[in-house]
Amino acid sequence: MIVTLKRTEFRDDGIFGELSAGNLNLVTLEHSYDKKPKIPVGTYKCVRGVHHLANMVHPFTTFEVTGVPGHTNILIHPGNWNSDSEGCILVGKVIGWRDDHTKMIEQSDRKSTRLNSSHTDISRM
């Protein structure tokens, strides 16, 4: 299956977009590096595997975006804020606002689980 990531906003508080995988549509958030993401526009292979993030207690199964020039371990995983990503793609249901007027994504855990459980054959993004 081919997954499409369409970036819609390049902001200081994150790069926001939409991810389509079959009939599953999610909102995305990537860390903003001067309003630029770590992943350049292109086609990448996504590989399912078990990963562990520094702020998580247990390892989890998710997709890694491979072949990103100059970077490794770029994952698709849960998170809500720009600070939850160091270049990974965070997925959620809707975009919301924090009290300090910065954007975030909501319902990330549930949508990340749905993506990982229903799309075992993601091969390209």
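Which residues does K36 touch, not counting residues up to four places away in sequence? K36 touches I15 and H31 (contact meaning heavy atoms within 4.5 Å). The structure is a predicted model, in which local features need pLDDT of at least 70, side-chain atom pairs count only at pLDDT 80 or more, and totals for chains, interfaces and linings use all residues. Residues are numbered from 1 along each chain as its sequence is written, and side-chain values use heavy atoms, with hydrogens and water left out.

**The loop between β3 and β4**

- K36 lies in the loop between β3 (24-30) and β4 (45-51), where strands are DSSP runs (E, at least two residues) numbered from the N terminus.
- K36 counts as exposed because its relative accessibility is 55%; buried means under 20% relative accessible area, exposed over 50%, and partly exposed in between (1.4 Å probe, protein chains only).
- A distance of 9.9 Å separates the C-alpha atoms of K36 and G87, which are 51 residues apart along the chain.
- H31 lies in the loop between β3 and β4, and counts as buried because its relative accessibility is 18%.
- Leaving aside neighbours within four places in sequence, H31 is in contact with I15, K36, P37, N82, S85, E86, G87 and C88.
- A polar atom of the H31 side chain lies 2.9 Å from the backbone oxygen of N82, and a polar atom of that side chain lies 3.0 Å from the backbone oxygen of S85.

- K35, in the loop between β3 and β4, has a positive phi near 65° and counts as partly exposed at 40% relative accessibility.
- H101 is not a glycine, yet has a positive phi of about 70°.
- H101 lies in the loop between β8 (94-97) and β9 (103-106), and is exposed, with a relative accessible area of 65%.

**Pockets**

- The largest pocket holds about 340 Å³ of space; a pocket is an open set of points, on a 1 Å grid over the protein atoms alone, where a 1.4 Å probe fits, with protein on both sides within 12 Å along at least five of seven lines.
- The largest pocket is lined by 15 residues (each with an atom within 4 Å of a point), of which L53, D84, S85, E86 and C88 lie nearest its centre.
- The second largest pocket holds about 150 Å³ of space.
- Of the 11 residues lining the second largest pocket, L5, R7, P40, V41 and G42 are the closest to its centre.

Methods: Points joined across faces, edges and corners; volume = space filled by probe spheres on them. Helix = DSSP H or I, 4+ residues; strand = E, 2+ residues; numbered from the N terminus. Polar contact = N/O pair within 3.5 Å; in protein donor to acceptor, adjacent residues only side chain to side chain.
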